[in-house]
Every structure is written in C-alpha cells, then in structure tokens.
Amino acid sequence: MESTKNYLNNLYARAQAYVRSHPRQSTIIASVVVLLLLSLVIRVPQPHVSLSSEPLLENGPYWFTNTLLTTFVVDLILLLLVWFTTRNMSLIPSGLQNVVEAILEFLYNLAESIAGKAASVYFPWSASIFLFLLICNWTDVIPGVGSIGIIHTAHPGEVHMLSDQLAMAGGKLMLVKAAAAADEKELVPLFRPPSTDLNLTFALAISTMVLVQYYGVKAFGASYFNKFFPWKAKGEGFMKGINGFVIVLELISELSRILTFAFRLFGNIFAGEVVLATLAFLVTFLVPIPFYGLEVMVGVIQAFVFTMLSLIFFTMATMGHGGEHPEGAEQH
Amino acid sequence: MDLASARQIAAALAVGLGAIGPGIGIGLIGSKALEAIGRNPEVTGIIQTNMILGIAFAESVFIISLVISLLVKFV
C-alpha cells in the first residue's frame with residue numbers, strides 16, 4: 001500500500017517536471033488525448049458507400065462524375081510536373097529534374113530486367129501507366145478527397161448506409177436500418193480516387209491487352225494467332241481433343257487477364273477507401289493514421305504490379321512459343 | 001430470413017471463404033521468398049520482385065471474391 005502510494009507520488013512528480021521542462025510537447029500530448037476521448041464520445045452519422053462514381057451536378061450530364069474530375073486533376077499534376085522538370089534542363093541534374101530522372105531510370109531498369117532489348121519499345125506505356133496510377137492511387141490519402149462534396153437529394157434505394165445491421169427478431173434474421181438512413185440528403189464527394197471507378201481500370205486493362213495482341217502480331221505476323229487456333233497442331237484422336245481444349249483455355253486466360261487486371265486495381269483501392277472512411281467515422285482521431293500509411297504502400301504496390309504485369313504480358317506475347325520463333329523479341 | 005439479410009450473409013461469406021486460399025498462398029510465397037533471401041542475400045532484388053508478382057497473382061483470386069461480395073451487397 002505504502003509502496004503504491006510512493007510510486008504514484010513519484011509518477012506525479014515526474015509528470016509535473018516533464019510539463020515544466022517541455023511545455024509545448026505536453027500541450028500537444030494533452031490535446032491529442034482530449035481529442036481522442038472526444039472522438040470516442042461524439043457520434044457521427046455513418047458514411048454512405050457507392051460502388052459506382054456519382055455525377056457531380058444533380059441535373060447535369062451523367063458522365064461528369066467525381067472520378068472524371070479527379071482524373072483531370074491527376075493529369076494536370078502530371079503535366080505540371082513534366083513542365084516544371086523540363087523547363088530548365090541541365091546536363092548535370094539537380095533538384096526536381098534529379099528526382100524525376102531517378103524515377104524514370106528505376107522504371108527503365110525494371111523494363112530492361114523483364115523485356116531485355118525490347119525495353120525501349122515497352123517503356124513509354126509502362127512508365128506512363130506507373131506514374132498515372134501512382135498519382136491516382138495516392139489521391140486516396142489526401143484530406144478532403146471523399147469528404148468534401150455537394151449535397152444531393154438521395155434517390156431511394158441507391159443509398160447504402162454502412163449502418164445496416166443484422167438482428168434476431170422473433171427467431172428470424174432481419175435487416176435493421178439505422179435511423180440515419182431516414183435522412184433524404186446524401187453527400188456526393190467532389191473528388192474520388194480515379195482507380196475506384198471501374199471505367200478507368202477497365203479502360204487501362206483493355207487497352208493494355210489490345211496492345212499485347214498488337215505487339216504479338218508485330219513480332220509474329222498472322223502466325224501469332226496459332227496460339228489461340230492451333231490448326232497445324234499434330235495429333236490424332238485424343239490429342240485433337242486436347243488441342244480443342246487448349247483453344248478454350250487460351251481464350252479464357254486472355255479474357256480473364258482483362259478481368260483480373262481491372263478488378264485487382266479497383267478492388268484494392270476501393271477496399272482501401274472504404275476502410276479509411278469507416279475508420280474515420282468510427283474513431284475520428286489518431287486511430288486511422290496507420291491505415292493511411294498502409295494505403296500509401298498499397299497505392300505504390302498496385303501501380304507497380306500493373307506496370308510489371310503489362311511488361312510481362314508484352315514479353316510473353318513476343319517470345320517464341322513452341323520454339324518456332326526463337327528470335328521473336330528482337331524483330332522490331 | 002428475408003432477401004436483404006441473405007445478401008448480407010452472402011457478402012460476408014464470399015469475402016471470408018475467398019480469403020482462405022489466397023491467405024495460405026501468400027503465406028507460402030512469403031515464407032519461401034524469405035528462405036531464399038536467407039540462403040542467397042545477393043539476389044534479394046530479383047526475389048522480391050518475383051515475390052510481389054506471385055503475391056499479386058494469389059491476391060487476385062481474393063480480389064475477385066471481394067468484387068463479387070461488393071456486387072452482392074451494393075448492386
């Protein structure tokens with residue numbers, strides 16, 4: 001008992017000494033604790049999650065969505081970056097030029113490690129995809145994206161509150177809508193990360209896969225399509241059946257690449273955005289910060305994976321299949 | 001059980017069951033990659049890139065199930 005009292009007194013004295021010697025730090029710590037407690041006490045309405053992007057203007061064109069606006073902003077950022085970098089170019093780079101050159105060199109080395117001599121052909125596409133997706137994914141963590149917006153009148157049946165909850169009532173499972181759902185207004189965010197729009201991810205995926213076919217045809221001519229339609233494949237009876245099955249497999253794998261390309265990017269970034277929103281509404285203060293770090297990492301990794309996979313598919317399409325064209329990659 | 005609650009359960013099951021396989025796969029990929037790096041630290045860069053690629057392929061299975069659950073819940 002005595003020792004506990006001594007210990008507490010000791011602790012109190014040390015805290016007092018710390019406050020005296022570090023007034024600014026102790027103010028910050030105190031306000032963090034107070035805000036954290038406040039954010040646990042204050043109840044806020046639940047965010048609404050929309051799978052598709054929403055039109056910004058209530059009576060405006062339906063194609064003018066918040067992801068489109070953010071895409072324009074991302075484009076503007078990239079263009080300004082390029083403009084500022086190339087304004088005063090010097091042989092010995094310094095400052096911004098140095099940074100951009102380092103990034104581009106990293107990307108070129110990546111392309112070279114996968115595609116070898118054909119790297120210079122694939123580099124423009126892969127590098128611009130990486131830079132664009134990096135900025136797109138990072139808009140996720142900018143404060144104000146997804147939280148500042150325009151109030152629209154809600155369309156019934158289209159608003160999904162995260163507060164829907166399952167409940168047992170009279171031996172039956174039922175869905176309970178929270179009281180906040182009765183609110184007729186909904187917030188349409190002004191900005192929303194472009195990668196959370198399936199239109200953008202599918203556009204990138206489809207154009208990448210079309211480019212894969214283009215490089216394949218460029219390397220092999222019409223014989224590229226032997227991969228999908230092996231007319232000349234030898235074999236009798238059972239082997240012919242196997243070849244027919246291969247056609248189906250190749251076609252499905254080519255189509256599924258588009259799907260996984262698009263859904264991987266969309267799923268990761270959309271899930272990240274939902275996690276951030278939910279956490280910010282659960283505990284407003286301090287707790288969501290590690291998840292922001294996680295999202296920064298996820299953004300880099302997803303941009304990197306998209307770049308890398310498109311490089312690998314380019315290389316696979318131009319490499320000899322079946323040993324007929326061993327020099328395929330070097331033909332252009 | 002009405003339709004709305006059935007949808008909630010279906011969405012949760014789609015994500016939960018879809019996460020089992022990729023979770024095991026990513027664990028295997030990570031453990032083997034770390035083993036390889038431990039044996040031969042000079043090729044860390046190559047192993048890391050290939051590891052991230054393998055993880056991305058394993059993860060895409062989960063992402064598809066996530067998208068299906070989102071479709072079930074929101075569409």
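These legends describe several close-up views of a predicted model.

Residues are numbered from 1 along each chain as its sequence is written, with chains lettered from A and ligands numbered from 1 in the order in which they are written. Because the model is predicted, local features need pLDDT of at least 70 and side-chain atom pairs count only at pLDDT 80 or more, while totals for chains, interfaces and linings use all residues.

**View 1. Chain A, overall layout.** Chain A holds 8 helices and 4 strands. Helices (H or I, at least four residues) and strands (E, at least two) are DSSP runs, numbered from the N terminus. The order from the N terminus is α-α-α-α-α-β-β-β-β-α-α-α. Of the 332 residues in chain A, 24% are buried. A buried residue has 20 or more other C-beta atoms within 10 Å of its own, an exposed one 12 or fewer, and a partly exposed one lies in between; C-beta atoms are placed from the backbone. Among contacts in chain A with a separation of 6 or more, 71% join residues 24 or more positions apart. Two residues are in contact if their C-beta atoms, placed from the backbone, lie within 7 Å.

**View 2. The two domains of chain A.** Domain 1 covers 2-41, and domain 2 covers 66-148 + 192-330. These bounds come from an automatic or database domain assignment. The C-alpha centres of the two domains lie 50 Å apart. In the contact between them, 5 residues of domain 1 meet 4 residues of domain 2. The domain 1 side of this contact has 4 nonpolar residues, 1 polar and no charged. Here Ala, Val, Leu, Ile, Met, Phe, Trp, Tyr, Cys and Pro count as nonpolar, Asp, Glu, Lys and Arg as charged, and the others, Gly among them, as polar.

**View 3. A:Val283 in its loop.** A:Val283 sits in the loop between helix 7 (238-282) and helix 8 (289-318) of chain A. A:Val283 is exposed, because 12 other C-beta atoms lie within 10 Å. Leaving out residues up to four places away in sequence, A:Val283 touches A:Ser39 and A:Leu40. A:Pro193 is 90 residues from A:Val283 in sequence and 22 Å from it in space, C-alpha to C-alpha.

**View 4. Helix 5 of chain A.** The 20 residues of helix 5 (residues 119-138) should span 28 Å at 1.5 Å a residue, and the end C-alpha atoms are 27 Å apart, which agrees. The expected span is 1.5 Å times one less than the number of residues. A kink of about 25° is centred on A:Trp125. The bend at a residue is the angle between axes fitted to the seven residues ending there and the seven starting there. Buried residues of helix 5 include A:Tyr122, A:Phe130 and A:Cys136. Their cover includes helix 3 (66-87), helix 4 (96-115), helix 7 and helix 8 of chain A.

**View 5. A:Ala119 in helix 5.** A:Ala119 belongs to helix 5 of chain A. A:Ala119 is buried, because 20 other C-beta atoms lie within 10 Å. Not counting residues up to four places away in sequence, A:Ala119 touches A:Tyr108, A:Ala111 and A:Glu112. A:Tyr108 is 11 residues from A:Ala119 in sequence and 7.3 Å from it in space, C-alpha to C-alpha.

**View 6. Helix 1 of chain B.** Helix 1 (residues 3-39) has 37 residues and should span 54 Å at 1.5 Å a residue; its end C-alpha atoms are 54 Å apart, which agrees. A kink of about 30° lies at B:Ile20, shortly before the proline B:Pro22. Chain B averages a pLDDT of 87, and 99% of its residues score at least 70. pLDDT is the predictor's confidence in each residue, from 0 to 100. For the complex, the predictor gives an ipTM of 0.73 and a pTM of 0.76.
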